[in-house]
Amino acid sequence: MGFLNWELRGRSAANGVAALLASVAAIALSAPSAHAQQATQPAGKQTDQSQQADQEKAAPAGATLLDKILVISRTGETAIESLASASHVDQEQLARRMATTPNEMLLGVPGVATQADARRVSTSINIRGLQDFGRVAVIVDGARQDFQRSDHGTQSTFYIDPELVKSVDVIRGPVANTYGSGAIGGVIFFDTKDAADFLKPEETWGASVTGRYESNGKGWTTSATGAYRFNENWDTLGNIVYRNYDNYKDGGGDTVNGTGFDVLSGLLKTSIRPTENSELKLGWVGSSDGWDETSGGVPVNDVDLKSNTFTARYNITDEDKSWLDLHINTSYNKTNLDLTSLVPQKRFDPITGLPTVLPAGSQSTFDVGTTGIDIWNTSRFETGGIAHELTYGGDWVGDDVKTGGTAGGDSFYTPSGKRNVSGAYVQDKLTWDWLEVIAGLRYDNYSLKDSTRETSGDRLSPRITVGVSPFESAGLAGLQFYGTYAEGYRSPSLTETLISGNHPAGVTFPFLPNPNLRPETGKTTEFGINYSQNDIFEPGDALRVKAAYFHNNVDDYIDGVTLSPFAPGSGCPFGPGIPICFQYQNFAQAKIDGFELEGVYDAGWGYAGLSASITNGHTISYKGVEADLATIPSSQVTAQLGLRFLEDKLTVGGEVQYNGKPKGNAVAEDYKLVNAFATYQATDNLKVDFRADNLFDVKYANPLNGSTTVAVYEPGITLKLAATMRFGG
């Protein structure tokens, strides 16, 4: 009866909110566009991030996705200017989404999916069907996030609290290979908050406090931010966030065990401008997380995670010296994850394969440290009427993985070792009237080793992009076509190369290392359209659209395979347990193609957005056998609508998302989600936010979790209410 009452209350609330939004929408559609804002053309390219922040504040609401400079851009481009599939999520959108976990920040970004299972604080990013082991470079303030733990489901995860994030940039495909080695899927860059964004121009100090309640999981979030401006060339900001959530209920009203967590996160960042042309940013982002892992619905492991990221970013840009736009980034990220067994667990010895018991209180430890250096410069000049933006640089990332604990514990199956990847590149962007050409070349090198084995490799990867803007008439002047061919290079990871031992639980069988793995080479062809137009239906409105078709051949794709000891030449010995072995091996190719669309229309009094992505893919063995690629995400269509009232102090709106099951996934199902939101800036110092996720209480599962042993259903209807008080002087 308790569940029935909750369900009736949830559905009644959902219907009430839907009716309210429908009424407000009807009123708004009949209202004049009294508050339409003038849509401006993208500002000149700048690399100083404080200038970027000023531009973002001045940009019209309709430009939030595509007209703002990408922090990740090495030549100061906006998403709509970029001859690549690029997306930007800004502070306003992040605030509307009231994200509890990283995956909620990326709602509706085309070509991007996330996998989190029930461990909501840990997230894996999937871009165009590629994920894990560095295929997607996840970067926080310039620091690579390379934590990896061998497990069912996702292998590579990262940890950051959404409350600390200012913006998210995404570049899809290997055109992003100037941002580091291995990113054959793409790059996602999380930029954390700055004092310059938080403080008003006239303020010396500022502070804010946020409290938020969520109905599903009955969770609380508290956040406090403080910033101080010592002088015009030095400021600092700190933020602390605490979240505490119980297990949530899925759309069927069933409690999903293991989904509760508590997390304490923090941020410290200071910006120093030694001269008017230079800036140094020093930062720390950290978190201390805790949650329970379950098996068969019963908690079996207590998890304690600590993550710390330290960054130093320096840039010097002199407009009087067009050859100088220098950036130097250094970083260190350390993630420590400790598992403590809550109950005795039946296991198999990793060496002998014989049955054993992992006692309660047993520990497994995963320590991954990642050090990075990234240096680049852009020189701007002209030759024969052709403008050049010549970017050149190099980068190095080193991973140091140390695992240990009780014999038979989970850490045994994540190999310890060291991996170094480095590269250097040169890229020239040539612009002449209606023609743009980007030509680039990158060199990659890697080495990895443990106490007994070592392997290495290197390669040159080219890129060529051609963009044309052939029309001059008013309606077509903002139309641009582009085509790209780009290659990327990913070295095998430590786990793929060195994993060994016997499967620990359920049934046992051997894992076989494979030091002969070849690196993956991603070869992508892409054709795209950019369209930018103002004053279409009324003065001051704006329309921005990006669309692209891509085809990616990943040569020597690496995936896990099951071997039989009866097959000649398999290398699989007769061991304890069932007669199979598991090994990571190369496939001849993985073929992935798809279509992506992202657009936004803004008329000041309201906005509408539409995004879509369709991805298909399969692997091909060296014998020509095709198989479905398990990491292909749902096809998605996301529509967003927002309406502004009371001189833009009140914004209400909603989101509708359709998810189509991937081809070849027999377990996945289609599903639709409806969300609603409202944000009200009551005074200069008080802001109230409301959000309803999964408004109609749909029971659904992420198809990327189909590779896990148990289906994990996502949250049912979740109501969120938050208030933020701000002070300053």
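Q: Why is Phe230 called partly exposed?
A: The relative accessible area of Phe230 is 40%. Buried means under 20%, exposed means over 50%, and partly exposed lies in between (1.4 Å probe, protein chains only), so Phe230 counts as partly exposed. This is a predicted model, in which local features need pLDDT of at least 70 and side-chain atom pairs count only at pLDDT 80 or more, whereas totals for chains, interfaces and linings use all residues. Residues are numbered from 1 along each chain as its sequence is written, and side-chain values use heavy atoms, leaving out hydrogens and water.

Q: What makes Trp234 partly exposed?
A: Trp234 has 35% relative accessibility, and therefore falls in the partly exposed class.

Q: How many aromatic pairs does a search of the whole structure find?
A: The search finds 16 aromatic pairs. Rings of Phe, Tyr and Trp (its six-membered ring) pair if their centres lie within 6.5 Å; planes under 30 degrees apart are stacked, over 60 edge-to-face, and the rest tilted.

Q: How do you know that the pair of Phe230 and Trp234 is stacked?
A: The ring centres are 4.0 Å apart and the planes are at 25°, so the pair is stacked.

Q: What lies over the face of Trp376?
A: Arg74 does, at 3.7 Å from the ring centre. A charge sits over a ring if NZ of Lys or CZ of Arg is within 6 Å of the ring centre and within 35 degrees of the ring normal.
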